[in-house]
Amino acid sequence: MRTFAFLSVLTVFLSVERIVICDAFPSNEVYALNTFKEAIYEDPLLVLSNWNALDSDPCDWAGIFCSMAQDHVIKINISGASLKGFLSPNLHQLASLQELILHGNVLIGTIPKEIGLLKNLKVLDLGANQLTGPIPRELGNLTNLMKINLQSNGLTGKLPAELGNLKYLEELRLDRNKLQGTVPANNGSDFTSGVHGMYASGASPTGFCRSSQLKVADFSFNFLIGSIPKCLGYLPKSSFQGNCLQHKDPKQRSASLCGGTPPPTSHASTVNNKHPSVEGPRHQTSSSKPTWLLALEVVTGVMVGSLFIVALVTGLHKCKNKSSIIPWKKSGSGKDNMTIYVDTGMLKDVVRYSRQELEVACEDFSNIIGSSPDSLVYKGTMKGGPEIAVISLCVKEEHWTAYLELYFQKEVAELARINHENTGKLLGYCRESSPFTRMLVFEYASNGTLYEHLHYGEGCNLSWTRRMKIVIGIAKGLTYLHSELDPPFTISELNSNSIYLTEDFSPKLVDFESWKSIISRSEKNSGAISSEGAICVLPNTLESRHLDVQGNTYAFGVLLLEIISGRPPYCKDKGCLVDWAKEFLEVPEVLSYVVDPELKHFKQEDLKVICEVINLCIHPSSSRRTSMKDLCNMLESNIDTSITAELKASSLAWAELALSS
């Protein structure tokens, strides 16, 4: 009985203690975590779904770890969750935080310098995101840091010499960024002499030679110059490859990618200067061979070439009067024994890029500007050519069927026939088997997506006139796709994320979601196999896109609402944008309520035209929706986007025009 009574009292005591502790949890830490969640605008896996802003104890939240006494947050670990958003500077209020691990998400923006206030931090892992800007020198104040991982982002600027102050640092991964300057060592003479403001430590900048505990470091695939510090000579050569350093080995970038700075040449690179010296890790081969071996290779090559020519001529003779269709078989797989015949003429006029070309252009595929469960989007620059956006399909070779190959080629042919000033231009494609690669190459629009400008703090760049120009540009692009192409072409998912803007804010419609149509169409036709186990499919028998024209028209109406209101298509507070706006669209007196409050002025006449077009687009009966050609004519004939009209609309318009220029 005494034992039972003791246990009962102990249980009550622990419960009371737990309640007291929960009540005593630092409110500033709860606030810091809530601001972190608020800065995340997309959580596709619902990882943060149990983060309750009203909960005073966050220790049970996903990815949050607290101390034994449950009174402080000591670790945040949310990796590979596809979180999209920014890093909140308020994280510095988590004074006891020891590990901040957010690897493999889609975080954008810069690394807040306030991170340098987390004095107890031991692990900082922000690798494989889309962070930009410089590495804050304030990180040099985190004297307890043992591991830094910032690899595979878009970080720029020089390496802060202050990182050499981290005497316990064991692992440093900075590879696959855009870092420049030298690798700081010794007295850090290439860098500024101190830290400023509230982060000043009083110590002069020192280089990595002071990091006596450093065991692992990777500086590869940046744009670093100068020499490798002797004190870092113990690191593998691969830690410095793919830069602009004055070294023959490890291999460095070509002079053209290093801003004209000639990299050191090696014997291998002088033999054939048509190939870049390095753009990624490659296996080095010996340049010297015995004479007899070279002779044998030449003879063998001639024999094989002769046999190939004979076979080719024979094949052409047999197929002289037949359609140019050839069988495609999946290599290295026993699952797919059927033969799919593909029209070789589909892609004859489309540029085919090698994976190596795109790997060089996209900086070893480190510059990720977009992602989805089905694909990754990289930004790159072709040598002597334009900036490009490369879409890479995320699929394993063993899951790639003959039907997927067929529809991939069909999709490339579909995209290649598009050529309009308001549509993204397909420059080419990549199709390789080792390693397995399927990619599309588009021209790049440098001003980001319309969604970003409307919803991430840059809506002020979009004046009313500029928005009207974008609306008319989108309408022209859709009119071209629906009316001027035969058969018509539709955008798979028409929304503000599929509208890219050029430097002068001209809209470009890009079908980055076309991969989804490839997969869905292949599934629909996967059963269309003849009794012989083979199928002959020509392009004109594939499912046409014109069935989605009405869907595009409806999406255009939603897009117009998003442009003039500045509201996303769906939000928790207001629900569906269309449902929210319906009560205003039908009453002329309250039309102005749908206009973005960021706009200082707008034209009532334009608004009436836009709302009329919206009503025609979202009509419940798809058969009664007006064609894009007629909608475009309505917009062009009734909306004046000239500078004169802008100046007449408001006495403050000159300021907005200056902002728009």
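Hi everyone, thanks for coming. A word on conventions: residues are numbered from 1 along each chain as its sequence is written, and side-chain values use heavy atoms, with hydrogens and water left out. Since the model is predicted, local features need pLDDT of at least 70 and side-chain atom pairs count only at pLDDT 80 or more, while totals for chains, interfaces and linings use all residues.

Let's begin with the cores. By nonpolar core I mean a set of buried Ala, Val, Leu, Ile, Met, Phe, Trp, Tyr and Cys residues joined through side-chain atoms within 4.5 Å. Buried is under 20% relative accessible area, exposed is over 50%, and partly exposed is in between, with a 1.4 Å probe and protein chains only. The largest nonpolar core has 74 residues, and Leu 450, Ile 474, Phe 556 and Leu 635 have the most contacts inside it. Helix H8, residues 464-484, gives the largest share of this core, 10 residues. Helices (H or I, at least four residues) and strands (E, at least two) are DSSP runs, numbered from the N terminus.

Where does this core lie? Domain 2 (349-444) and domain 3 (449-525 + 545-660) both give residues to the core, so it lies between them; the domain bounds come from an automatic or database domain assignment. Contact, for me, is heavy atoms within 4.5 Å. Leaving aside neighbours within four places in sequence, Ile 474 is in contact with Leu 450, Ile 499, Pro 507, Leu 509, Phe 556, Leu 559 and Ile 563. Apart from this core lies another, of 56 residues, including Leu 94, Leu 97, Ile 115 and Leu 169.

Next, helix H10, residues 549-565. Its 17 residues reach 25 Å from first C-alpha to last, close to the 24 Å expected at 1.5 Å a residue; the expected span is 1.5 Å times one less than the number of residues. Of those 17 residues, 14 are buried. Gly 566 follows H10, with a positive phi near 75°.

Now to the sheets. I call two strands paired if DSSP finds at least two bridges between them.

Which strand holds Ile 76? Ile 76 sits in S3, and is buried with a relative accessible area of 0%. Among the residues that Ile 76 touches are Leu 33, Leu 94 and Leu 97, not counting residues up to four places away in sequence. Leu 33 is one of the buried residues of helix H2, and the buried residues of H2 pack against strands S1 (40-42), S2 (64-66) and S3 (73-77).

Last, an open sheet of 5 strands has the order S17-S18-S19-S21-S20, with antiparallel pairing. S17 and S20 (426-433) stand at its edges, each with a single partner strand, so one side of each has no neighbour in the sheet. A hairpin joins S17 to S18 through 3 residues. S20 and S21 (436-443) pair over 7 bridges in the antiparallel sense, and Gly 428 has Val 441 in S21 as its bridge partner.
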